[in-house]
Amino acid sequence: MSAIARAAGVSRVTLYAHFASRESLIEAALDRSVGEAVQVFAEEAADAAPADVAPARLIRSSWRVLDRHSALFAAVSSTLTPDRMREQHERILGPIRRLLLDGQAAGTIRADLPVD
């Protein structure tokens with residue numbers, strides 16, 4: 001927490017006023033980065049046509065987001081519970097699942113394979 005406060009240019013007291021623990025800070029940072037990823041996915045999906053191109057665009061954008069937040073994801077994996085990790089993953093996988101189901105319904109994505 002000291003290093004984070006120093007990097008943010010605030011005191012530890014200020015940091016603790018906003019985040020009670022390292023875990024709560026990591027979770028807040030993860031919530032923000034996952035929210036960013038969901039927004040990127042939504043924009044990519046809206047811009048992608050035809051539907052069979054959208055998954056490839058989403059995969060490329062997800063790698064960019066993951067690369068930008070790699071240190072956070074490393075911290076998260078050692079901090080959050082598996083249940084909390086699954087909740088965060090679902091925020092990202094939900095829109096992708098809907099996109100794939102729409103593509104299957106439209107006949108642009110293979111329907112003989114399960115979406116998951």
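This note sets out, point by point, what may be read from the predicted model above.

1. Basis of the note. The structure is a predicted model, in which local features need pLDDT of at least 70 and side-chain atom pairs count only at pLDDT 80 or more, while totals for chains, interfaces and linings use all residues. Residues are numbered from 1 along each chain as its sequence is written, and side-chain values use heavy atoms, with hydrogens and water left out.

2. Helix α6. Helix α6 covers residues 82–106; helices here are DSSP runs (H or I, at least four residues), numbered from the N terminus. With 25 residues, α6 reaches 35 Å from its first C-alpha to its last, close to the 36 Å expected at 1.5 Å a residue. That expected span is 1.5 Å times one less than the number of residues. After α6 comes G107, which has a positive phi, near 85°.

3. The bend in α6. Where does α6 bend by about 35°? The bend is at I92, and the proline P95 follows within four residues. The bend at a residue is the angle between axes fitted to the seven residues ending there and the seven starting there.

4. Buried residues of α6. The buried residues of this helix are R84, M85, Q88, I92, G94, L99, L100, G103 and Q104. Buried means under 20% relative accessible area, exposed over 50%, and partly exposed in between (1.4 Å probe, protein chains only). Q88 counts as buried because its relative accessibility is 3%. Leaving out residues up to four places away in sequence, Q88 touches L30, D31 and V34, where contact means heavy atoms within 4.5 Å.

5. The largest pocket. Rolling a probe the size of a water molecule over the atoms shows where empty space is left. On a 1 Å grid over the protein atoms alone, a pocket is an open set of points where a 1.4 Å probe fits, with protein on both sides within 12 Å along at least five of seven lines; lining residues have an atom within 4 Å of a point. The largest pocket holds about 560 Å³ of space. Its lining has 24 residues, and the closest to its centre are F41, H89, I92, L93 and I96. A volume is the space filled by probe spheres set on the points, which are joined across faces, edges and corners.

6. The lining of the largest pocket. Which helix supplies the largest share of this lining? The largest share, eight residues, comes from α6. Helices α3 (22–47), α4 (54–68), α5 (70–77) and α6 each supply at least two residues. By class, the lining has 17 nonpolar, five polar and two charged residues. Ala, Val, Leu, Ile, Met, Phe, Trp, Tyr, Cys and Pro count as nonpolar, Asp, Glu, Lys and Arg as charged, and the others, Gly among them, as polar.

7. The second largest pocket. This pocket has a volume of about 230 Å³. Among the residues that line the second largest pocket are I4, L15, F19, R22, L25 and A71. The largest share of the lining, five residues, comes from α3, and α3 and α5 each supply at least two residues. By class, the lining has ten nonpolar, no polar and one charged residues.

8. L25. L25 lies in helix α3 and is one of the residues lining the second largest pocket. Is L25 buried or exposed? L25 is buried because its relative accessible area is 13%. Apart from neighbours within four places in sequence, L25 is in contact with M1, I4, L15 and F19.

9. Two exposed residues. S78 lies in the loop between α5 and α6 and is exposed, with a relative accessible area of 60%. S78 and E23 are 55 residues apart in sequence and 9.9 Å apart in space, C-alpha to C-alpha. A111, in the segment after α6, counts as exposed at 59% relative accessibility.
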